[in-house]
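Welcome! Please take a look at the sequence and the structure shown here, and then read on for a short tour.

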Amino acid sequence: MMNIEWDADKYTKDFSFVNQYGTALLDMIDGENLSVLDLGCGNGSLTKKLIDAGFEAEGMDASDELLKTARETYPYINFLSGDATEFSVDNKYDVVFSNAVFHWIDKEKQLPMLENVYNALKNNGQFIFEMGGYGNNAIIHEALKTEFDKRSIKYVMPFYFPTIGEYTQKLEQAGFLVRSAVLFDRPTELNGCNGLYDWIHMFVKTPFRDLAEEIQEDIINSAVMKLKPELFKDGKWYADYVRLRCKALRNEYYQLRSY
Ligand code: BEZ
C-alpha cells in the first residue's frame, strides 16, 4: 500500500520532473524487444517511453486516479491495477522497471514486495529501479521535524530511504543477484516561486493528517522560511534528492550457490 492519495492532474502538471529523471534508467536495460513491467507506473509517462524505446511495456499501479489518467493519455498501452506489495502475474517479464516508487512502501513490506518482483521475472530477468535513498530530502524532513517538535507534535517520517547495504541485503534475501547499486545526490529544481511549499503540500501528507489547517500552514510556512537560505538559489527552489539506483537479476545459477 502507498502512503498517499494522488492528485493525478497536479502531479502530471507540476511534478513531471520525477518521470523525466527516470529516463536515464531506461539505458540500464540490456537487450531489445523485451517484455517490461513498469511497476508503480503512475501517469504512464515512463511506460510510454519504454514503448517508444522498442520494449513491450505495460504499467501497473495501485492508484485508480493515476491509472485513469494513464489510460486516458495512452489508450494503446495496457495498464494493470495492482499493488507492488501484493501482486502476482500469469506471464513473467524479461524486465521489471520502477522509478520513484519504493520509498512510499513501508519498511516491513519491502521484502514481500521484492519477492513479488522476483516471482514476476523470467530466469535472467532484469530488475532495474531507482528510489529515494538514505539522506533523501533530509534537510527538508529535519526542518519539518524541528517545527513539529516546537509544537510538541510527533513527526513520523513517512518514507523509507535505505542505505545501499540495507537494500542490497533485502534484494539478496529475495533471491536476487545484485549487479549494481549506487547512492548519489541529485539536487532537483522545483517548479515555481512556491516550489518548496507546493512540494511539501503534494508529497508530505501523512505527518499532517490529523492537524488543523492553520497549524499545517504555520508549520509549512515556517519550515519553508527557514530553508530558504539553503534551498533557494538564483530565484529557484531545489529539493535535496538522493537516489538509490540498482540493477539486480533473477539468476537461477545464483540460487544453486551454497554458503
Ligand atoms: C522521491 O522521488 O525521492 C520522492 C518524491 C516525493 C516524496 C518523497 C520522495
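## Starting with exposure

A residue is called buried when its relative accessible area is under 20%, exposed when that area is over 50%, and partly exposed in between. Keep in mind that this is a predicted model.

With those cut-offs, is L111 buried, exposed or partly exposed? Its relative accessibility is 21%, so L111 counts as partly exposed. You can find L111 in helix α5, which covers residues 107-119. Setting aside neighbours within four places in sequence, L111 is in contact with K170, Q173 and A174. As for G135, it is 24 residues from L111 in sequence, and their C-alpha atoms are 21 Å apart in space.

## A negative patch

Next, a look at charge on the surface. E5, D7, D9, D64 and E65 form a negative surface patch. One of these residues, D9, belongs to helix α1 (residues 8-14). D9 is exposed, because its relative accessible area is 60%, and exposed means over 50%.

## Salt bridges along and across the chain

Side chains of opposite charge can pair when their charged atoms come close. How many salt bridges does a search of the whole structure find? The search finds 14.

One of them joins the side chains of E72 and K68, with 3.4 Å from N to O. These two residues sit four residues apart in helix α4 (residues 64-73), so about one helical turn separates them. E72 and K68 are both exposed.

Another salt bridge pairs R243 with E130, whose closest N and O atoms are 3.1 Å apart. This pair links distant parts of the chain: R243 is in strand β8 (residues 236-250) and E130 in strand β5 (residues 121-132), 113 residues apart. Both R243 and E130 are buried.

## A linked network

Now for a pair that belongs to a wider group. R151 and D218 form a salt bridge, and their closest N and O atoms are 2.9 Å apart. R151 lies in the loop between α6 (138-150) and α7 (164-173), while D218 lies in helix α9 (residues 213-231), so the pair ties together parts that are 67 residues apart in sequence.

R151 counts as partly exposed because its relative accessibility is 26%. D218 is partly exposed too, at 38% relative accessibility. Which residues make up the network of salt bridges? E147, K150, R151, D218 and K226 are linked in it.

Notes: Residues numbered from 1 in each chain as written. Predicted model: local features only at pLDDT ≥ 70, side-chain atom pairs only at ≥ 80, totals over all residues. Heavy atoms only, no water. Patch = residues over 30% accessible without salt bridge, like charges linked within 9 Å, V, L, I, M, F, W, Y side chains within 5 Å. Areas by Shrake-Rupley, 256 points an atom, 1.4 Å probe, with all protein chains shown as cover. Salt bridge = Lys/Arg side-chain N within 4 Å of Asp/Glu carboxyl O. Lys, Arg positive; Asp, Glu negative; His and termini not counted. Charge placed at Lys NZ, Arg CZ, Asp CG, Glu CD. Buried < 20%, exposed > 50% of the residue type's maximum accessible area, 1.4 Å probe, protein only. Contact = heavy atoms within 4.5 Å.
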